Amino acid sequence: MSQPAIKVNGVHKSFGSLHALNGIDLTIEQGEFFALLGPNGAGKSTLISILAGLIKPSAGNISVMGFDVVNQYQQARQLLGVVPQELVFDPFFNVREMLRFQAGYFGRGRENDAWVDEILEGLGLADKAHTNMRKLSGGMKRRALIAQALAHKPPVIVLDEPTAGVDVELRQMLWEFIKKLNRDGHTIILTTHYLEEAEALCSRVGMMKQGEIVALDSTVSLLNKFAGKNLRLTLGDVALPVTIQSLVRNQEQGVFTFALSDMAQIEFVLSVLRTANIKVIDMQLSEADLEDVFLSLVGKSS
Amino acid sequence: MTSPKTTSQASLNATFRGPWTLLKKELLRFWRVAFQTVAAPVITALLYLLIFSHVLEGHVQVYDGVPYTAFLIPGLIMMSVLQNAFANSSSSLIQSKVMGNIVFILLTPLTHLQFFVAFLFAAIIRGLVVGLCIYLVAMWFIDLTIVHPWLIFAFALLGSALLGTFGIIAGIWADRFDQMAAFQNFIIMPLSFLSGVFYSIHSLPPFWQKVSQLNPFFYMIDGFRYGFFGKGDVSPLISLSIVGASFLVLAWITLKMLKSGYKLRA
């Protein structure tokens with residue numbers, strides 16, 4: 001059986017008295033499109049930094065396709081492409097030079113140029129290949145940063161919030177390209193704040209909170225398990241009957257959002273309102289999304 | 001998708017191509033701004049040469065039969081070699097750290113030894129290029145004899161390696177540009193100015209002669225100058241041993257720092 005793309009075993013990380021990671025266990029199989037979600041400070045970036053060898057774990061270990069990221073770091077890093085969260089660049093060089101250098105560090109030479117061209121094309125950077133990194137716009141710098149992580153054609157690709165501050169057009173282009181890479185067999189691991197992205201793209205999701213994984217399942221089953229329907233009722237300035245108060249997830253200026261598991265609960269809410277003589281001014285019903293799961297798991301007390 | 005065979009082939013390529021790529025990048029980095037990294041130190045050395053030779057020629061007795069200007073030139077060349085070797089590795093590292101782009105190197109399979117060798121050779125080459133340019137320009141002013149060319153080369157090579165290594169240590173240690181400036185202003189500048197570039201230490205009172213002998217820069221300058229005139233304040237073999245041993249000690253410290261990930265990997 002093939003090795004998992006990523007295997008995380010009991011990883012702890014402390015920075016002084018701060019416990020950033022408290023025993024993370026996680027296995028990501030080859031070919032997966034996996035999302036790691038969590039609020040700021042949940043430990044996602046710390047976990048990715050340990051995976052990338054940028055910081056060392058206090059305990060536990062991580063392997064990439066069977067290679068330990070500390071003891072066999074050369075093999076592990078060959079297999080890994082990491083897009084850092086910070087928008088960093090080297091002002092001395094142009095895009096193509098940077099990609100050639102990056103591939104060169106991994107032992108790739110001119111034979112890799114066709115792949116570099118493919119990345120430039122796929123990320124819409126072809127006409128910027130000879131532009132100095134300094135002169136690129138923010139969005140273009142972000143593309144170049146992603147291109148650099150892909151330059152050595154790694155089978156496992158980690159994108160740490162790649163779409164933060166990126167316009168819609170680039171986001172779509174980026175995801176088309178990443179989806180193609182995933183179809184070609186690359187394992188993709190993504191952290192994002194845009195939950196709809198994770199929902200649309202990723203087959204499996206891990207949610208982190210305060211250095212722990214609080215949910216780990218397929219996207220579909222998470223949605224089934226945690227969420228049902230959202231009922232948005234515009235009721236005006238009223239006092240809700242006690243029996244349905246616990247079902248309210250959000251209340252804002254007379255608009256109440258109820259998180260409900262099935263149709264019977266909808267009927268129940270409406271009948272309680274009718275009995276209490278509360279008039280429904282407007283009503284919307286929607287399926288719950290990953291954001292609801294996210295909020296119910298990590299949002300409220302974080 | 002990636003068989004063990006292709007993985008081992010890739011790691012074999014990485015052994016040579018990886019550090020070679022890093023060296024190439026480091027060389028291009030200073031060459032792109034050669035006006036600042038090569039031309040500027042050549043002009044500075046030339047100004048020292050013009051001013052000091054004008055003021056002191058005929059007033060200062062150094063070695064018998066060696067005019068002061070001729071005495072001064074090897075010292076200025078070596079001082080520039082050393083300062084520029086230090087500047088190359090230290091400024092590249094501090095810039096990469098402050099800009100954050102050092103992450104591009106930290107994410108690669110490059111070993112600590114490969115990292116060290118690439119930065120070291122880039123520093124040596126920058127030092128030698130600057131030194132050679134000053135030598136070529138100085139030839140316009142005075143006809144310099146060369147008695148022991150291999151000594152000149154050995155001291156330039158070892159001296160730039162020593163300062164290049166020291167630059168790596170400074171670049172790793174410093175977190176901010178002002179800390180790096182402190183390294184330059186409080187260590188490199190005093191040590192290079194008080195090393196006998198502008199005078200023979202035999203012209204100093206005995207106490208200051210002893211103090212000068214504690215300065216490793218003195219041995220690099222004196223040994224380098226010995227290559228030109230066949231004369232020096234101490235034996236070139238003693239100087240060569242001291243410079244070589246200092247390089248080995250600093251290289252060992254640097255490799256330890258890099259291996260432990262000190263200040264680079266938390």
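Q: How many bridges join strand β11 of chain A to β14(A)?
A: Strands of a sheet pair through backbone hydrogen bonds, either parallel or antiparallel. Here, in what is a predicted model, strand β11 (residues 229-234) of chain A is joined to β14(A) by 6 bridges, and the two run antiparallel. Two strands are said to pair if DSSP finds at least two bridges between them, and strands (E, at least two residues) and helices (H or I, at least four) are DSSP runs, numbered from the N terminus.

Q: Which residue in β14(A) does A:Thr234 stand opposite?
A: The residue that stands opposite A:Thr234 is A:Asp282 in β14(A).

Q: What is the order of the strands in the open sheet?
A: The open sheet has 4 strands in the order β12-β13-β11-β14 (chain A), with antiparallel pairing. Its edge strands, each of which pairs on one side only, are β12 (248-252) and β14 (282-287) of chain A. From one strand to the next, the twist averages 15 degrees.

Q: Which strands does helix α10 of chain A touch as it packs on the sheet?
A: Contact between two residues is judged by their C-beta atoms, placed from the backbone, which must lie within 7 Å. Helix α10 (residues 263-275) of chain A touches β11 and β13 (255-260) of chain A, and its direction makes about 145 degrees with that of β13(A). Such angles run from 0 to 180 degrees between N-to-C directions, with axes fitted as lines to C-alpha atoms, for helices over the stretch in contact.

Q: Which domains does the assignment give for chain A?
A: Domain bounds come from an automatic or database domain assignment, and for chain A this gives domain 1 (6-223) and domain 2 (228-299). Their centres, taken over C-alpha atoms, are separated by 38 Å. The contact between them takes 14 residues from domain 1 of chain A and 8 residues from domain 2 of chain A. On the side of domain 1 of chain A that touches domain 2 of chain A, α7(A) gives the most, with 4 residues.

Q: How are the residues numbered, and what limits apply to a predicted model?
A: Residues are numbered from 1 along each chain as its sequence is written, while chains are lettered from A and ligands numbered from 1 in the order in which they are written. Because the model is predicted, local features need pLDDT of at least 70 and side-chain atom pairs count only at pLDDT 80 or more, whereas totals for chains, interfaces and linings use all residues.
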